[in-house]
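Here's a quick briefing to read with the model open in your viewer.

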Amino acid sequence: MGSSAAAGSGLHKVFVYGSLLADDVVSVLLNRIPQSSTAVLDGYHRFSIKGRVYPAILPVENKKVTGKVFFGITNSELDILDVFEDEEYKRRPVDVSLRDSSDEVQVFAYVWSDKDDPNLYGEWDFEQWKITHMNDFIKMTQGFKEELDLPESKTRVATYESFYQEDQNSSPMP
């Protein structure tokens with residue numbers, strides 16, 4: 001097994017595979033773009049979710065998910081990611097293979113909470129998401145980040161649902 005997801009210095013490694021592959025989303029959320037490396041998570045599948053524009057991953061034999069690992073994530077950034085991923089996901093340690101070095105490292109990944117969710121289907125496509133949903137998702141993320149600083153902030157799911165409900169004519173969901 002490779003190095004652990006949390007280093008002694010309080011810095012973490014996080015595997016991302018959906019909307020956080022977009023630097024513009026990450027920049028809004030963390031106010032920076034962390035160092036990263038392309039990585040593969042074996043034994044998982046990236047699903048589309050009915051009624052959502054972002055994906056979910058769950059363990060599935062003989063499948064793999066390509067994404068990237070962010071290095072040097074601080075405790076406060078990890079807290080932001082936890083709130084952003086909300087109750088729909090659970091942060092779990094997983095092992096990924098880095099594409100540039102073939103090293104295996106332990107990282108955190110946000111795994112879908114409901115393994116029996118009937119709304120999961122097919123395979124989520126990042127390139128299609130960039131064309132169809134990225135601009136609106138960035139706006140939603142900006143709203144989430146502004147809300148995060150308020151004493152009575154909404155959850156990311158509530159922010160997402162209210163944003164897409166207001167904007168459903170210009171950005172229909174599958």
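**Charges, rings and core**

R91 counts as partly exposed, at 33% relative accessibility; that label covers the range between buried (under 20% relative accessible area) and exposed (over 50%), using a 1.4 Å probe and protein chains only. Keep in mind that this is a predicted model, where local features need pLDDT of at least 70 and side-chain atom pairs count only at pLDDT 80 or more, while totals for chains, interfaces and linings use all residues. Residues are numbered from 1 along each chain as its sequence is written, and side-chain values use heavy atoms, with hydrogens and water left out.

**What R91 is up to**

- R91 makes a salt bridge with D82, with 2.8 Å between the closest N and O atoms; the term asks for a side-chain nitrogen of Lys or Arg within 4 Å of a carboxyl oxygen of Asp or Glu.
- D82 is partly exposed too, with a relative accessible area of 25%.
- The charged end of R91 also sits over the ring of F108, 4.8 Å from the ring centre. To count, NZ of Lys or CZ of Arg has to be within 6 Å of the ring centre and within 35 degrees of the ring normal.

**Other salt bridges**

- Searching the whole structure turns up six salt bridges.
- E77 pairs with R32, and their closest N and O atoms are 2.6 Å apart. Because E77 is in helix α2 (residues 75-85) and R32 is in the loop between α1 and β2 (36-49), this pair ties together parts 45 residues apart in sequence.
- Helices here are DSSP runs of H or I with at least four residues, strands are E runs of at least two, and both are numbered from the N terminus.
- On the E77 side the residue is buried, with a relative accessible area of 8%, whereas R32 is partly exposed at 31%.
- R52 and E88 form another salt bridge, with the closest N and O atoms 3.3 Å apart. It links distant parts of the chain: R52 is in the loop between β2 and β3 (56-73) and E88 in the loop between α2 and β4, 36 residues apart.
- R52 counts as buried at 16% relative accessibility, and E88 is buried with a relative accessible area of 11%.

**Aromatic pairs**

- A pair of aromatic rings is described by the distance of the centres and the angle of the planes.
- The whole-structure search finds ten aromatic pairs. Rings of Phe, Tyr and Trp (its six-membered ring) pair if their centres lie within 6.5 Å; planes under 30 degrees apart are stacked, over 60 edge-to-face, and the rest tilted.
- Y89 and W112 make an edge-to-face pair, 5.0 Å centre to centre with 85 degrees between the planes. Y89 is in strand β4 (residues 89-98) and W112 in strand β5 (residues 104-112), so the pair ties together parts 23 residues apart in sequence.
- Both partners are buried: Y89 has a relative accessible area of 6% and W112 has 5%.
- W129 and F137 have ring centres 5.6 Å apart and planes at 70 degrees, so this pair is edge-to-face.
- W129 is buried at 2% relative accessibility, and F137 is buried with a relative accessible area of 1%.
- Ring pairs join Y54, F84, Y89, W112, W124, F126, W129, F137 and F144 into a cluster.

- The largest nonpolar core has 53 residues, and F15, V96, W129 and F137 touch the most other members. Such a core is a set of buried Ala, Val, Leu, Ile, Met, Phe, Trp, Tyr and Cys residues joined through side-chain atoms within 4.5 Å.
- Not counting residues up to four places away in sequence, W129 touches S19, A22, V25, V53, W124, M134 and F137; contact means heavy atoms within 4.5 Å.
- V28 sits in helix α1 (residues 23-30) and counts as buried at 17% relative accessibility.
- Leaving aside neighbours within four places in sequence, V28 is in contact with I138, T141, Q142 and K145. V28 and K145 are 117 residues apart in sequence but 7.5 Å apart in space, C-alpha to C-alpha.

**Overall layout**

- The protein has five helices and six strands, running β-α-β-β-α-β-β-β-α-α-α from the N terminus.
- Of its 174 residues, 48% count as buried.
- Among contacts with a separation of 6 or more, 72% come from residues 24 or more positions apart.
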